[in-house]
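Please look through the structure shown below before reading on.

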Amino acid sequence: MPEGPSVRKFHHLVSPFVGQQVVKTGGSSKKLNPTSFQSLWLQDSQVHGKKLFLRFDPDEEAVSLGNSPLSEPLREGEQKDKARHHQEASDPSSWSPGGDSAVPSGDDGLQCLGGDTLAGGAERWLQVSFGLFGSIRVNEFSRAKKANKRGDWRDPVPRLVLHFSGSGFLAFYNCQMTWRFSSPVVSPASDILSEKFHRGQALEALGREQPICYTLLDQRYFSGLGNIIKNEALFRAGIHPLSPGSLLGLPRLEALVDHVVAFSADWLQGKFQGTRQHTQIYQKEQCPAGHQVVRESLGPPGGFQRLTWWCPQCQPRLSADEPKQLQPS
């Protein structure tokens with residue numbers, strides 16, 4: 001799934017449409033009826049980690065006439081979202097870890113304010129979570145780059161298409177969209193691309209006894225960090241993915257956080273400049289030093305397993321029998 005830098009780029013693409021009205025809709029979404037966006041105004045957009053939030057307000061004239069789409073009865077999928085929202089608000093233990101979280105990730109740095117906002121005239125936020133190869137296109141549709149297994153050259157079908165009053169349109173691909181019935185209040189302390197990213201909180205989390213690669217994918221502390229950033233940061237820091245964080249001294253943990261932030265920032269800058277991010281270990285057969293790279297699916301027992309690449313020579317594994325690597329005096 002797209003990682004933090006990609007979703008930040010999506011947010012940048014959406015921002016010019018804020019303040020415009022939806023005049024035409026389309027798409028294949030069955031959970032959310034595309035026609036329900038008709039005449040709504042896109043009033044705000046926010047990004048947090050791997051999630052994009054879009055605020056839609058109803059047309060004032062439609063509200064006064066009682067014809068606002070936001071005042072219509074909820075469809076079955078939206079009813080489930082509403083029920084899940086109330087469950088999460090009352091029981092934090094029910095929160096889902098999310099796509100790339102290898103351990104329970106709590107609320108992903110997100111909180112909800114306010115109560116039910118389904119009444120016409122109240123704001124409503126669309127949460128967009130992107131799947132594998134998920135994307136947003138502006139004023140163009142995605143085209144097939146190769147034939148499918150059946151040999152057909154079929155273009156991807158957008159999940160949602162929104163045409164705006166300014167003559168442009170947005171096409172959303174391979175994403176899950178759900179309504180939030182209250183304003184998202186993001187915590188930038190966990191967002192690896194935020195200037196307010198809390199390094200101390202991240203370092204404390206990395207110091208746990210579990211394998212370091214599990215913690216890196218915990219979105220509570222590293223929101224926006226995915227499999228590519230995980231692999232690259234670990235290699236550049238010279239840390240084996242299965243080394244327990246508790247055996248790594250503070251200097252090495254600090255170096256790891258430095259690489260996470262630097263690689264993510266460089267990747268985002270490349271997104272805006274139209275250049276492809278250079279990787280040293282991800283999906284490679286050899287590391288830059290010419291050593292053979294190992295590839296294996298790693299993850300907590302019973303949890304999600306992610307393909308991981310590392311160099312046994314450049315990233316030696318630490319075991320519990322070895323002394324903790326302390327900061328030199």
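Ser6 is buried, because its relative accessible area is 8%, which falls under the 20% limit for a buried residue. The model is a predicted one, and it contains seven helices and ten strands.

- Ser6 is found in helix α1, and when its neighbours within four places in sequence are left aside, Ser6 is in contact with Trp267 and Lys271.
- Lys9 also has its place in helix α1, which covers residues 4-14.
- Lys9 counts as partly exposed because its relative accessibility is 22%, a value that lies between the limits of 20% for buried and 50% for exposed.
- Not counting residues up to four places away in sequence, Lys9 touches Leu268, Lys271 and Phe272.
- Lys9 and Val47 are 38 residues apart in sequence, while their C-alpha atoms are 9.8 Å apart in space.

**The buried residues of α1 and what covers them**

- Ser6 is one of the buried residues of α1, which are Gly4, Pro5, Ser6, Val7, Phe10, His11 and Val14.
- The cover over the buried residues of α1 includes the strands β2 (41-48), β3 (51-57), β5 (124-138) and β7 (169-180), and it also includes the helices α6 (227-237) and α7.

**How α1 packs against α7**

- The axes of α1 and helix α7, the latter made of residues 250-273, come within 9 Å and cross at roughly 40°.
- That angle makes α1 oblique to α7, because an angle under 35 degrees would be needed for the pair to count as roughly parallel.
- The crossing of α1 and α7 is right-handed.
- On the α1 side the meeting residues are Pro5, Ser6, Arg8, Lys9 and His12, and on the α7 side they are Ser264, Trp267, Leu268, Lys271 and Phe272.
- Sorted by type, the residues of this contact between α1 and α7 are four nonpolar, three polar and three charged.

**How α4 packs against α7**

- Helix α4, made of residues 199-206, packs with α7 at an angle of about 120°, and the two axes are 10 Å apart.
- That angle makes α4 oblique to α7, because the roughly perpendicular range runs from 65 to 115 degrees and the roughly antiparallel one begins over 145.
- The crossing in which α4 passes α7 is right-handed.
- Arg199, Leu203 and Leu206 in α4 meet Leu250, Leu253, Glu254, Leu256, Val257 and Asp258 in α7.
- The residues of the contact of α4 with α7 comprise six nonpolar, no polar and three charged.

**The wider protein**

- Among contacts in the protein that join residues at least 6 apart in sequence, 70% link residues at least 24 apart.
- An unreviewed UniProt entry carries the annotation "domain: FPG-type" for residues 280-316.

Definitions and conventions. Residues are numbered from 1 along each chain as its sequence is written. This is a predicted model: local features need pLDDT of at least 70, side-chain atom pairs count only at pLDDT 80 or more; totals for chains, interfaces and linings use all residues. Side-chain values use heavy atoms; hydrogens and water are left out. UniProt positions are given in the numbering used here, feature names are shortened, and annotations may be inferred rather than shown by experiment. Helices (H or I, at least four residues) and strands (E, at least two) are DSSP runs, numbered from the N terminus. Buried means under 20% relative accessible area, exposed over 50%, partly exposed in between (1.4 Å probe, protein chains only). Contact means heavy atoms within 4.5 Å. Axes are lines fitted to C-alpha atoms, for helices over the stretch in contact, and angles run from 0 to 180 degrees between N-to-C directions. A crossing is left-handed if the near helix is turned anticlockwise from the far one by less than a right angle, and right-handed if clockwise. Ala, Val, Leu, Ile, Met, Phe, Trp, Tyr, Cys and Pro count as nonpolar, Asp, Glu, Lys and Arg as charged, and the others, Gly among them, as polar.
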